[in-house]
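Student: I have a structure on my screen and want to learn how to read it. Where do we begin?

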Amino acid sequence: MGAARRLDNRTARHLWLAAHGLSQAGTGRPDVMALIRQIGFLQIDTIRNVTRAHNHILWSRNPNYREGMLWPLLGRDLFEHFTHDASLIPMEVLPLWQRQFARLGAKAAQAEWFQSGLARAEIDTIRARIEAEGPLSTHAFDTKATSREMWARPPHKKALDQMWYAGDLATAKRENFVKFYDLGHRVFPSQLMGGPEDSEAVDALCDMALDRLGIATCGEVQRFWAAMSAEEARGWADRRQPEEVQVMGADGTARTAYAAPDLDARLAELAPPTGRLRILNPFDPAVRDRARLARLFGFEYVNEMFVPAAKRRWGYYVYPLLEGDRFVGRAELKADRAAGWLRVIGLWPEPGTRWGGPRTARFEAELARLARMIGVADLQWQVRPPV
């Protein structure tokens, strides 16, 4: 076998951004399913500092996206389950997801975190109510949490989630982001519930991960869906023998990674990313793997939402700022829709990055687009860009 080909750092960045739909600006009415299929799945999150993460991720790829476009797809084109976090997954992935129901269902049954303390008969009563009454949210039940800790959950919520992880229950809908549980067989299409052999499912999921990552280490492929062990991912690599390439990092060191089978076609079609400045969400898939982000872009990012305020380096909800193929800073933003404003609370340029008039204008243009998406008109500056 010949020596692995080498991808310079700029090419690797361009491949990465193109794979994630962040190379060019989307136009026209968004094809929401096409966007989700391109990135593989869509992480959802409850925090609405400006807009919830799932809306922001889609908007970053097409600024014509609006918040009401996503949820009608749940249960028809998308199902909700757990990857590395709660996510919306294309329905065609469901046959491969049977192993994840089994894996997470078994973990939930054993984990102390999910022990509800309810008797089997009480759990059966919860399920029977859903069977008889149709989709119910956690608010339909009245057991109380026994702890005042931040993440404490009432016993019925733990029981619901145990069944949800196992696929016995499924998310039928969300209203104001509140999850409504129904029986899995009433949500999941029956023709998609039979899955392939386990190793075939692993291979298919890894193939899909590498396709969406473009270039990735075996660990990155494994962590993409978080639906298999590292050993299972290594088994995929042994069976598939994907092409190995040397990828130059931002610090000039090379690391071996796998390349998608159509690498040559991607390289032939590769165009430099637009110079647009983008405000990315902290949960955007392009920045989710912090080690890879630092390796490819030389950009350190830490999510400090749950860090005590006095110990934060930056702020509570801080957005990476991507311009072209490099990160030029980060900003803390806050919105108040009722009062009609979007405010820049903090701004931290990357070391060595100058913020003159043109970059500030690009940042203001992106802020204006974000303000339009959430329906506010007043852009406020608590901190202004340096001159």
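**Reading helices and salt bridges**

Tutor: Begin with a helix pair: the axes of helix 1 and helix 12 come within 9 Å and cross at roughly 135°. Note that this is a predicted model, where local features need pLDDT of at least 70, side-chain atom pairs count only at pLDDT 80 or more, and totals for chains, interfaces and linings use all residues. Residues are numbered from 1 along each chain as its sequence is written, and side-chain values use heavy atoms, with hydrogens and water left out.

Student: How are two packed helices described?

Tutor: By the angle between their axes and the distance between the axes. Axes are lines fitted to C-alpha atoms, for helices over the stretch in contact, and angles run from 0 to 180 degrees between N-to-C directions. Helices (H or I, at least four residues) and strands (E, at least two) are DSSP runs, numbered from the N terminus.

Student: What do we call the arrangement of helix 1 and helix 12?

Tutor: Oblique. Angles under 35 degrees count as roughly parallel, over 145 as roughly antiparallel, 65 to 115 as roughly perpendicular and the rest as oblique. Helix 1 makes the contact through Asn-9, Ala-12, Arg-13, Trp-16 and Leu-17. Helix 12 supplies Arg-292, Arg-295, Leu-296 and Phe-297. Contact means heavy atoms within 4.5 Å.

Student: Which residues of helix 12 are buried?

Tutor: Buried means under 20% relative accessible area, exposed over 50%, partly exposed in between (1.4 Å probe, protein chains only). In helix 12, residues 290-297, the buried ones are Arg-292, Leu-293, Leu-296 and Phe-297. Viewed down the helix axis, they fall within an arc of 105°, so they line one face of helix 12. That arc is taken from the directions from the helix axis to the C-beta atoms.

Student: What should I look for at the ends of helix 12?

Tutor: At the start, a side-chain oxygen of Asp-289 reaches to within 3.2 Å of the backbone nitrogen of Ala-291. After the helix comes Gly-298, with a positive phi near 65°.

Student: Next, salt bridges. How many does a search of the whole structure find?

Tutor: The search finds 33. A salt bridge is a side-chain nitrogen of Lys or Arg within 4 Å of a carboxyl oxygen of Asp or Glu. Take Glu-243 and Arg-5: their closest N and O atoms are 2.8 Å apart. Glu-243 lies in the loop between helix 10 (230-240) and strand 9, and Arg-5 in strand 1 (residues 5-7), so the pair ties together parts 238 residues apart in sequence. Glu-243 is partly exposed at 33% relative accessibility. Arg-5 is partly exposed too, at 28%.

Student: Where do Glu-131 and Arg-127 sit?

Tutor: Both are in helix 5 (residues 120-133), 4 residues apart, which means a separation of about one helical turn. Glu-131 is partly exposed, with a relative accessible area of 45%.

Student: Is Phe-79 buried or exposed?

Tutor: Buried, with a relative accessible area of 1%. Phe-79 is in strand 3 (residues 78-82). Leaving out residues up to four places away in sequence, Phe-79 touches several residues, including Leu-88, Met-91, Trp-97 and Phe-188. Phe-79 and Ala-172 are 93 residues apart in sequence, yet 8.5 Å apart in space, C-alpha to C-alpha.

Notes
A polar contact is a pair of N or O atoms within 3.5 Å; within protein, one must be able to donate a hydrogen and the other to accept it, and residues adjacent in sequence count only if both atoms are side-chain atoms.
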